[in-house]
Structures are given as structure tokens and as C-alpha cells.
Amino acid sequence: MIQENNYMVNDLAAKGKQEFFPGQVLTGIQHDHDFLFSCDNGVQLSVQVITDKILRFRYATEVGFAQDFSYAVPADSPRPAPEFLEFREKPDHFRITTDRLICTISKETLRVRVLDRSGNVLSADEKGFHWEYDDETGNDIVKMSKQVQSGVHYYGLGDKPDNMNLRGKRFTNWGTDTYGYTKGSDPLYKNIPFYQELQQKIAHGIFFDNTFKASFDFAAERADVTSFWAQGGEMNYYFIYGPSLLEVTQEYTRLTCPPELPPLWALGYHQCKWSYFPESNFKGIAQGFRDRKIPCDALYLDIDYMDGYRCFTWSPTHVPDPKRMVRELAEDGFKTVVIIDPGIKIDPQYPVYTEALAKDFFCRRADGPLMKGSVWPGLCNFPDFTRPAVREWWAGLFKGLIQEDGVRGVWNDMNEPAVFEKGTFPDDVRFDYDGHSASHKKAHNIYGMQMARATATGVKQFSFPNRPFTITRSTYAGGQRYSSGWTGDNIASWEHLWLANIQCQRLSISGFSFIGSDVGGFIDTPDGELYARWVALAAFHPFFRTHSSGDHGEQEPWSFGEATTDLVRKFIELRYRLLPYMYSTFWQYVSQGTPMLRPLTFLDQNDTETYLRMAEFGLGDHLLICPITQAGADGRWMYLPRGDWFYYWTDELRQGGAEVWASAPLDRIPLFVQAGAVLPMYPLMQYVGEKKVEELTLHVYFKNGVQSSVVYDDGGEGYGYQQGQSSTRRFTLTGTDTTLTLTQTIEGDYQPSFTTYQLILHGLPFAPSTVMVDGQAAVSGEVAAEAGAALPGVVVGADFKEIMLK
């Protein structure tokens, strides 16, 4: 030991940086569905059998387990008990067996292997759990490394702007305001530490429920090792078995809970810009939609509607009479959505500020001063949304905007949290963390989620009996419960059109389906071709909004000349006609956890041709879309999953399992309908609720075989569906060379407004001479189809049980 520059020099610092590992397992104890393994050096592993397909692993070092708490996984969510559970001790390991999985824990190293019941190794620890003490913070840097199995591929992880398949990449979760991000930028706004792994055509997922800055290495540093680690907190992760990729996402979404159903209008078209003001400009935009017969349901007000950017206020010059303006827009079918940021202006004359200050609701630095940072209003303080009392207060602030002024939706921005010039809060800012006091290092990644949670509570409370609508830029796993989202400050470029496709797919399979992008790009200005192609893609994204920066050109649908306006109108009209299909797909997401957007691999993981492809995606059960992402293209080669598919624009039947050329001039997007599908469509409306839907069109696509479809309806507003006021209509199509039979079963008491169906029959291999509806002869005719050809059609009562054509 020597002394140098008045500092004691020894080897303790070096020892502090070393990695530590579990010791030898001394005991393994079962308590119902929970198992505790204790090592000779104090390390413990808790294995919880959540269901037959989900195992939770929590590790504790010598200090023991912290109180169990998660923002992602609600503690009161009901889950099915394991159907089968067996625990055995072997000479060198312990073994836990469920109906679907086998988990072994090594007695010598505490390393874990998970196998399916056929003995296929799904996951095997390499180093397994290990940790490093962080002398700067006092936290353990917790680490997990696993072996890369043969032929493995990785998907998921939220909004990462990179190739769909993550193998060979490394990413970090630390919510960041990344203005003008590009392909490969990391990190971005959202923090969803969940990914899927596919190997040997068997899928599972890993959900690392840790809110500290976390990193994921998908065989990037070492080709035979994948790993994830965090700068503090617990090594706490869930193993989620499929065996299909679709089931993995379903299980994860059910674990973290899907959202409630949105109002149907929220699935319509939205128009936004930073910023529409004054009122005359805003109402002029509304008039522009109605004059040009371009459907639109929602118009947005960015920060300039406020008085000096003070949240929950109105600018007396830009919006002198907000209640009247909002009411007049509503009379023409427009729902007004306003932005609310977390920064509260430091202003002793501002009641929101003085009330929060008096109640001590703002975040503080470690030594006590209030956290200060500059955002749009100037110097601000920031509410601690991890405090229940603060969330309740924040929710109450929406009474004026929602209940009194008639605003229908709220948009949360800048909630990573973002601070000008500094990026985000300093690490020493303190948070309540729902009674589990934490620094910003732990709370940063959930700040946006908890703001969205508080916002959603208030909007829901004051929107009643209508349903709420909220949107957030930043979130964490489980944030889908509170809000829709968008992919942030993108750029008007063909690369960003490509990225929008990938990011929305990736977020959807990461449990967050109610997602879209800023159509046309937020930064810079697209030309008419790029804008039209972007609208064509976004018409198939659950959240459909044009948004652009105020310091660039105009970006309304009519901003690029009449030819582009006509193209854009056509795709927005198609979206409105497809609303019953989109809403039914959303209902499946809510009730079953299925992602609304499905990458090609999710459609057929047994076909290795799908593993590296990413342009093609499914929307719900029956539609396949592939956007044009290059200027000047009049079509593209794309891969069709196995099975038969109809090209929507021409009714041409194509066989899947192969690449096909999809002709797509500017008035088309490559769009295929699965054979056997029953595709529901509304009559054209300029906004949801403009007219009573008296007849629903069912496009029936022939299949030689059997196919099922579903249409869900509950009126699209209110909460009657939670008391059973809904209608689920299940169709089964059975086709042969000479017959087609369509059966319908109806569940639920809700009576839709429509009383008849207009059936349009696509691809029949025979000319029907007889149409029987519930045993009675019916009259069929011909209907003009999209391609201009005349197709067989028949009008039937909406409660039919069986239709037979031959």
C-alpha cells in the first residue's frame, strides 16, 4: 500500500469492478407455485410459475430481495393457475415441470435451462446471472448472458429504428428525445424491454422488467452469446413460451394488460401541425376537409393554443372563446385534441404552478431544491407522476379542458422527460416511485408512462359517458394500458417511410398496437409522391395522423396539388370503409392480446423465407400489406405467405409461398386479402357517426376449404360493452369446386344499426344458379367491384344463419 497525491492507493477499487457470480446451491424450497433457491454466498433465485407457459426469475445478491413492485405487471391481474406442476431434486440439479415447460437449475452454478416438454432446449444460461458493484451509485449492475441457440432470430424491443430481425445488434433503453433520428439511432423515446426469440421454428420471449437504463446484446459482441443488463435494480425477467411468435406476444400483452377499447372515431383520420393558430386558421383547416370531401375525425392543437405555453390554459389571442370553437367544430364532426407537456412554468401568477408548489408535487434534487429545467414555457418545474397524489391532482386538472370546454383527446409530448440543452433530468432527482423512493436513474424510463397514466385517468373521468382518447410519445412496458402512441420526430424522407413501417410493426409485436407515425414526416416537407405513398401505408396503421413542424411547408392532404389530393382522398376513404375490420382487429387485441400489425414471420414462422423479410405485414387476420418505399416505383416484388391470396385491386388469385410482383401505381398499395376471408366495410362517411349505417357490406373471398372471420360491434362509444352490450358475429366459409356455404353465429345482446348485409362474392370458381338463405331461395344480382368487374352479390338479413350458393 502506498500514498500518492494524498490518495490511498490499493487494490480495493479493482476488486470493486470485478464480476460476481452465484455460489453453490444449498437448498431448493417449494411454496405453492413459487420456488426459492439459496446459495452458499447469499445469492438467491426466486422462480415463480405464473402460468404453464410463463416463468418469472428474480435474483438477489447478498442483500436479499427488495419489495416486489412493478409498473408493468399489475399485481391484481387474474391469471390461470398452472394445470400441472412437479418439483424434483436430482443429484446435480433441481427440476420444475409444468404442462408446457421443463426448467432445470444447476446446483453448482445456479444456471438455468428451459426446455419444452419434447426436450428441445429453448433457453440456456451461458454465464447466467452475474453482477458488478457500481461504486458511483451503490447499485449492482445486474447482468444475464445466455447461449445463442442454433439458427436463432430476435424480434421486438419496441420502437428501435432498425431491421426487423435484431440478431447481431445491440440496443439501449433510455427514453430520449431524438429529434430527426435515422436508421440505427439508439436510444429513442420508448422503453419496452421485451423481445421474442425464434429458433428451430419454436418461439419464446424474454421480458426484462427493470426500469433502469438497460442494454440488450443480440449476439453482437460474441456470436454465441446474447445478453441483457441494467445499471441497477434486480435481475428480474419473465420467460414466455409460445411456441408461436403470435402466442408469445399474446402472453406478454395479457401479462402487462391490453388497453380498453377506444372510441371508434379515434381509428379515423387525424390532422395535426405545429401549430394551427389562430382560431380562423384552425377552423379553415376543418373547412378544407369538408369542402374537399376528405374524411377526417380529429384536429389537433399544438403548444401555441396555450397562454405562454402554460399547460391547461388557452391563449386569449389565438383562441379567444375555446368552448364555442370546440363546440362549432364538433357540430361538423371534428373532435379537438390538445397537447399537454409535463413542464409547468415557474410563474407565481399561474394557479397550476402555485397549487403544485403548495402541495409539494414537483420533483426535487437529492439535497432538496426543486428540479428546474427549460422547455417551451421557459424555466419549469416538473410533477412527480410516480406519486399517487400527484397523479390524482393531475387527472383533476383536465376538468376544464374536457368536461367544460369539450376537448375530446389529449396528447402528451416531451415526457421522456425532455429538457432543452440538457436532454433530461439529472441523475440525483428524487421520485416517490409509489412508495419505493428512487432516483432519476430508476424512474426515468417510466416517467412518460406515469404521466400518460395520470392523463388517461383524468380524460376518462371527465369524458364519461364517452370513451377517452390519449396519445403519448414516451412509455414503458405496459404503457399500452393508458395511451396510444406515435414514433416521434421523424423526417420527410423515403428512409423514414421505410422506418415507419418497421417501427409500427415492432411496437405492435411489443404489446403496443395502437401506434402510428407522423404521416409525411415531422421535419422537412415531402413531395406529393412521398406523401401519397405514406398515406397509403398509414391507412393500415391503427393510429392514422398527419403531423408536421410549423417551420416547414404545409402538409394537409390538399397541399400537393389536385392529383395528389385525389390519391390521398382515395386511401383515407378506404380506411373509413375498413373501419369495422380495423375495430374488430382492435377488439381481438383487447380481448386476446393479439398484435394488430403482424410481421411476415408472425404469419408463418415455419417458412424460413419469412425470417429476414420486413416490408410485408399483416393487419389482423386477413389483410397483407407491403408499402412502396422508393420514389418512381410502379410496383414491387414481395413475398406472399403460404396459402391463397386475392390482390385487392384486381381480384387476381395468387398462390403464396413465393415472391410475386404487385403492380402499384400511385393510386394503389400492394394489398392482398386472404382467401376465405369475410371482409366487412362501412358505407363512406366524412367522419364517424355522420350517418346511420343501415347496411354492412361483406366482401366474401372464395376458398376451396374452410376459413373463419369475425366482426365485432358495440356502437364504438360508451361502456355498454363492458356489461355485454356488444355483438360478435363469427363467419365460417366452406368452399368446394361447385358450392360455397357461409354460416354465421351471433354472440351478445347489442343490436347494430344495420339490418342487412350486402354480400359481394369474389373469386367464385362457378356461376351460382341457386342462392339459399336459411333454406329459402334468395335473388342474387351483380355488383361493381373495385376492379370494375361485375361480381355476384346478394342482400340478406343481418341475422342469417346459413347461406348456400351452388
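Helices (H or I, at least four residues) and strands (E, at least two) are DSSP runs, numbered from the N terminus. The model is predicted: local features need pLDDT of at least 70, side-chain atom pairs count only at pLDDT 80 or more, and totals for chains, interfaces and linings use all residues. Residues are numbered from 1 along each chain as its sequence is written, and side-chain values use heavy atoms, with hydrogens and water left out.

**View 1. Two cis peptide bonds.**
The bond from Asp 186 to Pro 187 is cis, with omega near 0 degrees. Pro 187 sits in the loop between β15 (170-173) and β16 (194-199). A cis peptide bond also joins Trp 274 and Ser 275, where omega is about 0 degrees. Ser 275 belongs to the loop between β21 (269-271) and α3.

Cys 257 has a phi near 80 degrees, a positive value in a residue other than glycine. This cysteine lies in the loop between α2 (245-256) and β21. Its relative accessibility is 16%, so Cys 257 counts as buried (buried means under 20% relative accessible area, exposed over 50%, partly exposed in between, with a 1.4 Å probe and protein chains only). Tyr 309, also not a glycine, has a positive phi near 65 degrees. The loop that holds Tyr 309 runs between β22 (298-301) and α4. Tyr 309 counts as partly exposed because its relative accessibility is 28%.

Helix α8 covers residues 440-463. At 1.5 Å a residue, its 24 residues should span 34 Å, and its end C-alpha atoms are 33 Å apart, which agrees (the expected span is 1.5 Å times one less than the number of residues). At Ile 446, α8 bends by about 50 degrees; the bend at a residue is the angle between axes fitted to the seven residues ending there and the seven starting there. Of the 24 residues of α8, 18 are buried, so the helix is largely enclosed by the rest of the structure.

**View 2. Packing of α6 against α8.**
Two packed helices are described by the angle between their axes and the distance between the axes. Helix α6 (residues 388-396) and α8 pack at about 45 degrees, with axes 8 Å apart. Axes are lines fitted to C-alpha atoms, for helices over the stretch in contact, and angles run from 0 to 180 degrees between N-to-C directions. α6 and α8 are therefore oblique to each other (angles under 35 degrees count as roughly parallel, over 145 as roughly antiparallel, 65 to 115 as roughly perpendicular and the rest as oblique). Their crossing is right-handed; a crossing is left-handed if the near helix is turned anticlockwise from the far one by less than a right angle, and right-handed if clockwise. On the α6 side, the contact is made by Arg 391, Trp 394, Ala 395 and Gly 396. Among the contacting residues of α8 are Gln 450, Met 451, Arg 453 and Phe 462. Contact means heavy atoms within 4.5 Å.

**View 3. Packing of α3 against α4.**
Helix α3 (residues 279-292) and helix α4 (residues 322-331) pack at an angle of about 5 degrees, and their axes are 11 Å apart. α3 and α4 are therefore roughly parallel to each other. From α3, Glu 279, Phe 282, Lys 283 and Ala 286 meet Arg 324, Met 325, Glu 328 and Leu 329 in α4.

**View 4. Packing of α11 against α12.**
α11 and helix α12 (residues 579-592) pack at about 55 degrees, with their axes 5 Å apart. These two helices, α11 and α12, are therefore oblique to each other. Arg 575, Tyr 576 and Arg 577 of α11 make the contact with Leu 579, Pro 580 and Met 582 of α12.

**View 5. Helix α10 and its surroundings.**
Helix α10 (residues 528-538) is mostly covered, with 10 of its 11 residues buried. The buried residues include Leu 530, Tyr 531, Trp 534 and Leu 537. They pack against several elements, among them β21, α9 (494-509) and α11 (562-577).

**View 6. Leu 679 in strand β43.**
Leu 679 is part of strand β43 (residues 678-681). Leu 679 is buried, with a relative accessible area of 1%. Not counting residues up to four places away in sequence, Leu 679 touches residues including Leu 578, Leu 623, Val 673 and Tyr 701. Leu 679 and Tyr 701 are 22 residues apart in sequence and 8.1 Å apart in space, C-alpha to C-alpha.
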